[in-house]
Amino acid sequence: MEEPTSGPEPEAPGAQAVPESAEGPGEPSGPAGPQPLGVPVTPTGQTAVDAALRRLAEADHLPTGGHLDMYEDVHRGLREVLASLDQQPGPPAPSPTTHDNRS
């Protein structure tokens, strides 16, 4: 006659152990929450553009419902930066007529 033993029972051959979670032994853990993508951002040298790109990291901390508003705000800011480039004076345009300075 065998005496009862205390402790874990031996595993059957080929059986895999079920990982224990914080909920308790044998309880499956829930799905992992959203994780940051970890996409590296390379500075552009344009202060406004770099600030907008850094702002995209805020999406990691917002509920999904808040992503669209934040993305639209960043997009609006980037469009404003591009539009402002058209307003800055550049080098003078070449004259539309050519002059022959020969006498």
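Helices (H or I, at least four residues) and strands (E, at least two) are DSSP runs, numbered from the N terminus.

**Figure 1. The whole chain, seen as a predicted model.** The protein has 2 helices and 0 strands. Of its 103 residues, 10% are buried, where buried means under 20% relative accessible area, exposed over 50% and partly exposed in between, with a 1.4 Å probe and protein chains only. Contact means heavy atoms within 4.5 Å. Among contacts between residues at least 6 apart in sequence, 17% join residues at least 24 apart. A note for reading all the views: in this predicted model, local features need pLDDT of at least 70, side-chain atom pairs count only at pLDDT 80 or more, and totals for chains, interfaces and linings use all residues. Residues are numbered from 1 along each chain as its sequence is written, and side-chain values use heavy atoms, with hydrogens and water left out.

**Figure 2. Helix α1 packs with helix α2.** Here α1 (residues 47–55) and α2 (residues 64–87) meet at an angle of about 170°, and their axes are 10 Å apart. Axes are lines fitted to C-alpha atoms, for helices over the stretch in contact, and angles run from 0 to 180 degrees between N-to-C directions. That angle makes α1 roughly antiparallel to α2; angles over 145 degrees count as roughly antiparallel. From α1, the contact takes in Ala48, Val49, Ala52 and Arg55, and from α2 it takes in Met70, Asp73, Val74, Leu78 and Val81.

**Figure 3. A closer look at arginine 79 of helix α2.** Arginine 79 counts as partly exposed because its relative accessibility is 48%.

**Figure 4. Aspartate 60 in the loop between α1 and α2.** With 37% relative accessibility, aspartate 60 counts as partly exposed. Not counting residues up to four places away in sequence, aspartate 60 touches Pro36 and Leu37. Aspartate 60 and leucine 37 are 23 residues apart in sequence, and their C-alpha atoms are 8.1 Å apart in space.

Methods. Angles under 35 degrees count as roughly parallel, over 145 as roughly antiparallel, 65 to 115 as roughly perpendicular and the rest as oblique.
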